Amino acid sequence: MLSSQLKIQGKKILKPMHSLQTIDYTDADAPKLFTASLRETGFGVLKNHPLQQQQVQHIYDAWQRFFDSDKKNEFLYCPEKFDGFFPTTEAESAKGHSTRDLKEYYHYYPWGRCPGALRQTIDDYYAQTISLATELLRWVQENTPESVTANFSEPLSTMIEGCSHSLLRILHYPPITRPDETKALRAQAHEDINLLTILPAANEPGLQVLTRKEDWLDVPCEFGNLIINTGDMLQEASGGYFPSTTHRVVNPEGNRRTRSRISLPLFLHPRAEVVLSERYTAGEYLTERLRELQQTDQTAETDARASADVS
Ligand SMILES: [Fe+2]
């Protein structure tokens, strides 16, 4: 077990229990506070950051229209490159879960396909977020003990330089209309595979992180905040110093069930050849985790067929 976290039934949880504090990006101590938050909780929440709220709102609105239209089916994902639109029937299942998440999504890479009218805005956002992520990785590097950074094969901020597969996923959680959907969640409990995830607060609540008491703690979702969490690759590279904490997106209650939720995570990846640890390069780590996810998806498909057969 990694020293910085407890494990209960295979889930990675916070140790010790902390509430998530929002950190002001413009505060002189922000680099230190942000790194401490990642260390203690696996999450960091920033306000007054450089990503424009208006731009995020514009993206939410434009992609909501895209998901509401049939146009999305013209951009069905490419099975080799994994760019494009993934319908609800193809949505992933979290590792260890046999039910597909209640979501559809679009994988955007600057080299990949994108509806023409949506490209410029999303491309600008992608570039700005990578630039901010580079700064945040510098913060982390500079505020991590040397005993940990000595094991990094190169500075964290250069690990992502020239990487073409950091993924911007535009997620749409549709309104929940069918009673049988209560068995599934918008996103089952999982950990992110990558180095860091950069996420503007979504337009509806639901994101939760698991605490040591196995309670789910709401992540502050004030619109305009930026939520950053550690992924498994940073946990691996830091020998467990930075925990990759289990999180999920719960289904809304009452009237909120009729509302869509849009979310815009950028999954930051190192170049494939970057050495994460004695055990893995980033490429090897990703391949192993994707293989596990593929097996989970096959189980979900089998279970879905089985339940269809008996209904
Ligand atoms: Fe996640």
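Student: What pLDDT does the chain average?
Tutor: This is a predicted model, and the chain averages a pLDDT of 86. At least 70 is the score for 85% of the residues.

Student: And where is the pLDDT below 50?
Tutor: One such stretch is residues 1-9, which has 19 contacts in the model beyond near neighbours in sequence. Another is residues 302-311, with one contact counted that way.

Student: OK, the big picture then. How many helices and strands does the chain have?
Tutor: Seven helices and 15 strands.

Student: What share of the residues is buried?
Tutor: Of the 311 residues in the chain, 36% are buried. As for contacts with a separation of 6 or more, 73% of them join residues 24 or more positions apart.

Student: Let's look at helices. At what angle do H1 and H3 pack?
Tutor: About 80°, and their axes are 9 Å apart. H1 covers residues 30-41, while H3 covers residues 116-142.

Student: So what do you call that arrangement of H1 and H3?
Tutor: Roughly perpendicular. The angle falls in the range from 65 to 115 degrees, which is why that label applies.

Student: Which residues meet there?
Tutor: From H1 you have Pro 31, Phe 34, Thr 35 and Leu 38, and from H3 there are Leu 136, Trp 139, Val 140 and Glu 142. By type, the residues of this contact are six nonpolar, one polar and one charged.

Student: New topic: sheets. In what order do the four strands of the open sheet with E8 come?
Tutor: The order is E8-E13-E10-E11, with antiparallel pairing.

Student: Which strands stand at the edges?
Tutor: E8 (187-190) and E11 (216-218). Each has a single partner strand, so one side of each has no neighbour in the sheet. From one strand to the next, the twist averages 25°.

Student: And how many bridges join E10 to E13?
Tutor: Three, between residues 207-210 in E10 and residues 247-249 in E13. For instance, Val 209 has His 247 in E13 as its bridge partner.

Student: Last one: is Ser 263 buried or exposed?
Tutor: Ser 263, which sits in strand E14 (residues 261-263), is buried because it has 24 C-beta neighbours inside 10 Å, and the cut-off is 20 or more.

Student: What does Ser 263 touch?
Tutor: Leaving out residues up to four places away in sequence, Ser 263 touches Leu 171, Leu 199 and Ala 202.

Note on methods. Residues are numbered from 1 along each chain as its sequence is written. This is a predicted model: local features need pLDDT of at least 70, side-chain atom pairs count only at pLDDT 80 or more; totals for chains, interfaces and linings use all residues. Axes are lines fitted to C-alpha atoms, for helices over the stretch in contact, and angles run from 0 to 180 degrees between N-to-C directions. Helices (H or I, at least four residues) and strands (E, at least two) are DSSP runs, numbered from the N terminus. Angles under 35 degrees count as roughly parallel, over 145 as roughly antiparallel, 65 to 115 as roughly perpendicular and the rest as oblique. Two residues are in contact if their C-beta atoms, placed from the backbone, lie within 7 Å. Ala, Val, Leu, Ile, Met, Phe, Trp, Tyr, Cys and Pro count as nonpolar, Asp, Glu, Lys and Arg as charged, and the others, Gly among them, as polar. A residue is buried if 20 or more other C-beta atoms lie within 10 Å of its own, exposed if 12 or fewer, and partly exposed in between; C-beta atoms are placed from the backbone. pLDDT is the predictor's confidence in each residue, from 0 to 100. Two strands pair if DSSP finds at least two bridges between them.
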